[in-house]
Amino acid sequence: MIKEEVSKRWLAYQKEIADDHYYFARSCIRQNFFPAAEELFLNILKNELHKDIFDDPQQTTCTGIAYHSGIVPMETTMTVVARQFALMTEAGYENFVCSCVTSFGIYTEVLETWKHNPELEIKIRKLLKESTSKEFEIPKNLVHTSDIIFKFRKEISAKAKYKLINKETGKPLNIVEHIGCHYAKIFPDKGVGGAEYPYVLAGLIDEWGGSQIDYPERRHCCGFGFRQYLIKANRGYSIANTKRKFDSMKDYHPDLIITNCPGCNFFMDRWQYVISEMDGITYDDKGYGIPVLTYEELAGLMLGYNPWNIGLQVHQVDVVPLLDKMGYPYILEDKYKGINGEDMGKPEKTSLNCCC
Amino acid sequence: MENLYQKLTEDIRFVEGMNACINCGTCTAICPAAQFYDYDPRMVVDTVQHKNDKEIEYLLKSDTIWQCGECLSCKTRCPRNNVPGYIIQALRALSTELGYFAESEKGRQQLALKRTIGEHILKHGYCVYIDEVNTEMYPEQGPVWDWMQKNATPLLKRLGANYKQDGAGTLRNTSKESLDDLQRIFDITGATERFNKIEHYSKLKSEELGITFDEGLNNDYFKSIYNSKSDII
Ligand code: SF4
Ligand code: SF4
C-alpha cells in the first residue's frame with residue numbers, strides 16, 4: 001500500500017526528456033575523476049541507442065563550482081552559460097544535455113532567473129555579444145545525462161546481458177542511490193520524481209533488477225559543500241557529512257551505491273578509503289568497502305562492457321566484489337594494463353581490501 | 001559606512017531568497033553545515049531581515065557566511081520561500097567587494113579558491129584539470145590517483161579520452177579561441193575585477209599579519225589559508 005502510494009507520488013513529477021538530437025556539455029569533475037564515463041555515455045547513446053549527440057570541442061565549463069564557491073559573479077556565470085547556448089545554436093541543436101548535476105542546477109537557475117527577470121536575459125545577451133559576438137536561442141529541452149539513461153532504461157534493459165541480481169542467491173542486489181542536491185532540491189519540478197522521491201536513479205534500479213534501499217539519510221548531501229571540500233582546512237565538513245550517510249545506510253547492507261553527480265561519486269568512493277585509513281572502518285563485512293558507480297558505468301555493466309575499458313579500475317573502492325556477486329566476467333590480470341596490454345604497475349595497496 | 005542592506009537588495013539572489021522569515025528553524029534542521037559547524041542559517045536570515053547594518057557588517061566580516069555548503073537543501077524546505085543559500089551568496093559577494101572577507105579565517109580562503117578553481121577555468125577551460133590535482137593537496141584522491149597520473153597517457157587512451165589533444169573528447173585541449181572568449185567574458189562581467197579584489201585585499205591582510213605573500217600556491221600565505229583551521233566544533 002505504502003509502496004503504491006510512493007510510486008504514485010514519484011509519477012507525479014514527470015519531466016519532458018527529448019527523444020533525440022542532443023548537444024552535449026561536459027563536466028569538470030566527471031571527465032577528470034572518472035575519465036571513461038563521458039565517452040561511455042556517448043557510446044551508449046550513439047552505438048546502443050542510435051541517437052544523435054554532438055560533442056563540441058568549443059565547449060567549456062559552466063563555472064558552477066567557481067560560482068558556488070563565491071569567486072565569480074552571477075553575471076559571469078550567466079554569460080558563460082549563454083555562450084554554451086550560443087554554441088548549441090551554432091551547431092544546429094535545441095536539446096541541451098549536461099553531464100553534471102551542479103551544471104544542471106546552474107543552467108536551470110539561469111533559465112528560471114531569466115524567466116522571472118527578462119531584463120536580465122537582455123543584459124546577458126548584450127554582454128555575450130560584446131565579449132564574443134555570439135547570439136543564442138534558449139534550449140527547447142534541458143536535461144541531465146542521467147535523465148536520458150532513465151528515459152531509455154527499458155531499451156537498455158532489453159539489450160542487457162546482466163541484471164542487478166546476486167547470482168548465488170538469486171536475490172536482487174541491495175542498492176543505494178544518491179541523487180545529488182542540485183538535481184531537484186533547487187527546482188523540484190525539473191527533476192524526474194521531484195525532490196522528495198527522485199526517481200531518475202531509483203527507476204534504473206527497479207528496471208534493471210535491483211532493490212532500492214530506503215535509509216534515513218537518503219536525501220542528505222554528500223558533503224561536497226564546494227569551498228568546504230576544495231579547501232583542505234575545511235575538508236572535515238565533507239567527510240563528516242558523507243560518513244553520516246554511510247553510518248545511516250550500513251545496516252541495510254548495500255551491495256552498491258550509484259550516483260547522479262560526479263562529485264558525489266567521488267566523495268562516496270574516496271571518503272570510504274579515508275575512513276578506512278583513519279578509523280579502520282569499512283562499510284561492508286569483508287573489508288572492501290561499498291563499490292560506488294555512476295549511472296553510465298552501471299549502464300555499461302548492464303550492456304556487458306569490459307569493466308577495465310570503462311574505467312572501473314580508477315575508483316578507490318574495488319568493484320570486483322560487485323562483479324563477483326553479479327557473476328560478471330572479467331580478467332583480473334587485465335585490470336591495470338594499458339591500451340596495448342602494456343604493464344603500468346599497480347596502485348599502492350591501501351587499508352581497504354582489493355583484488356589487485 | 002555604506003548602506004549594506006541597500007547593497008544586498010541590489011543582488012538578484014537576495015531578492016529571490018529573502019522573504020519574511022518566521023524563525024521556524026526548518027532550514028537549520030536539515031542544513032548539513034549546521035550539523036558540522038557552529039552555523040545556523042535561521043540566524044543568518046533573521047539577522048539580515050532586521051536590516052541592521054552594524055549586524056550585517058559583523059556578519060560580512062565573520063566566518064559564518066563562509067560555512068554554508070551551497071547544497072540548497074534549504075530552498076526545498078523553507079515554508080516561506082526563503083533561500084538561506086541564496087542570501088549567503090549575496091552576503092559573500094558583498095563581503096568580497098568590500099574586502100571584508102579578509103577579516104575572517106574562512107573568508108581569507110577565497111584567495112586559494114581563486115588561485116585554483118578560478119585560474120584553472122582561464123587556463124584549461126574547466127574548473128578542474130587532472131594535471132593540477134595532486135595527492136599532496138588532495139590526499140583523499142589516494143594511490144589510485146597517483147597511479148592514474150603516472151600512467152595518464154596509456155591509461156587515458158584505453159579509457160577513450162583525448163587527453164591533451166585537439167578536437168573533441170574527454171580531457172582534450174580547450175582551444176585558444178574558447179579560452180579567449182572566457183577571458184573576455186570574465187573581463188566584461190566582473191569576474192576579473194572580483195579576482196583582482198581578492199588578490200588586493202589578501203595582499204593587504206598578509207602584510208598586516210606579516211606572512212609572506214607571493215604569486216601561485218607555494219608561499220606561506222597561500223599555505224596557511226589552505227591548510228589552517230581553528231574554529232571547527
Ligand atoms: S545551502 Fe547552505 S544554508 Fe542552505 S541547507 Fe545548504 S549548507 Fe545549509
Ligand atoms: S526555514 Fe525559512 S522561515 Fe524557517 S527559519 Fe529558515 S528561512 Fe526562516
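This note walks through a predicted model of two chains and two ligands, point by point.

1. **Ground rules.** Because this is a predicted model, local features need pLDDT of at least 70 and side-chain atom pairs count only at pLDDT 80 or more, while totals for chains, interfaces and linings use all residues. Residues are numbered from 1 along each chain as its sequence is written, chains are lettered from A and ligands numbered from 1 in the order in which they are written, and side-chain values use heavy atoms, with hydrogens and water left out.

2. **Chain B at a glance.** Chain B has 15 helices and 0 strands; helices (H or I, at least four residues) and strands (E, at least two) are DSSP runs, numbered from the N terminus. Its C-alpha atoms fill a box of roughly 60 × 40 × 40 Å along the principal axes. Of the 233 residues in chain B, 57% are buried, where buried means under 20% relative accessible area, exposed means over 50%, and partly exposed lies in between (1.4 Å probe, protein chains only). Contact means heavy atoms within 4.5 Å. Among contacts in chain B between residues at least 6 apart in sequence, 65% join residues at least 24 apart.

3. **Where the chains meet.** The contact takes 87 residues from chain B and 96 residues from chain A. Together the two chains bury about 7600 Å², with 59% of it on carbon and sulfur atoms; buried area is the accessible area (1.4 Å probe) that two parts lose on being put together, summed over both. Glu140(B), Trp147(B) and Arg158(B) supply 11% of the area that chain B buries against chain A, more than any other three residues.

4. **Salt bridges across the contact.** There are 4 salt bridges between chain B and chain A, each being a side-chain nitrogen of Lys or Arg within 4 Å of a carboxyl oxygen of Asp or Glu. One of them joins the side chains of Arg83(A) and Asp181(B) (2.8 Å, N to O).

5. **Two residues that touch the other chain.** Ser131(A) lies in helix 7 (residues 118–132) of chain A, and it counts as buried because its relative accessibility is 4%. Leaving aside neighbours within four places in sequence, Ser131(A) is in contact with Thr79(A), and also with Arg184(B), Ile185(B) and Ile188(B). Gly167(B) sits in the loop between helix 12 (152–158) and helix 13 (176–189) of chain B, and its 35% relative accessibility makes it partly exposed.

6. Two strands pair if DSSP finds at least two bridges between them.

7. **A four-strand sheet in chain A.** An open sheet of 4 strands has the order 6-5-7-8, with parallel pairing. Its edge strands are strand 6 (211–212) and strand 8 (292–294), each pairing on one side only. Strand 5 (residues 174–178) is joined to strand 7 (residues 256–259) by 4 bridges; here Val176(A) faces Ile257(A) and Glu177(A) faces Ile258(A). Strand 5 pairs with strand 6 over 2 bridges, and Asn174(A) stands opposite Ser211(A). Since 4 of the 5 residues of strand 5 are buried, this strand is largely enclosed by the rest of the structure.

8. **The ligand surroundings.** A residue is near a ligand if one of its heavy atoms lies within 4 Å of it. Around ligand 1 the residues include Cys31(B), Cys68(B), Cys71(B) and Cys74(B), and the shell has 9 nonpolar, 2 polar and 1 charged residues. Around ligand 2 they include Cys21(B), Cys24(B), Cys27(B) and Cys78(B), and the shell has 6 nonpolar, 4 polar and 1 charged residues. In this scheme Ala, Val, Leu, Ile, Met, Phe, Trp, Tyr, Cys and Pro count as nonpolar, Asp, Glu, Lys and Arg as charged, and the others, Gly among them, as polar.
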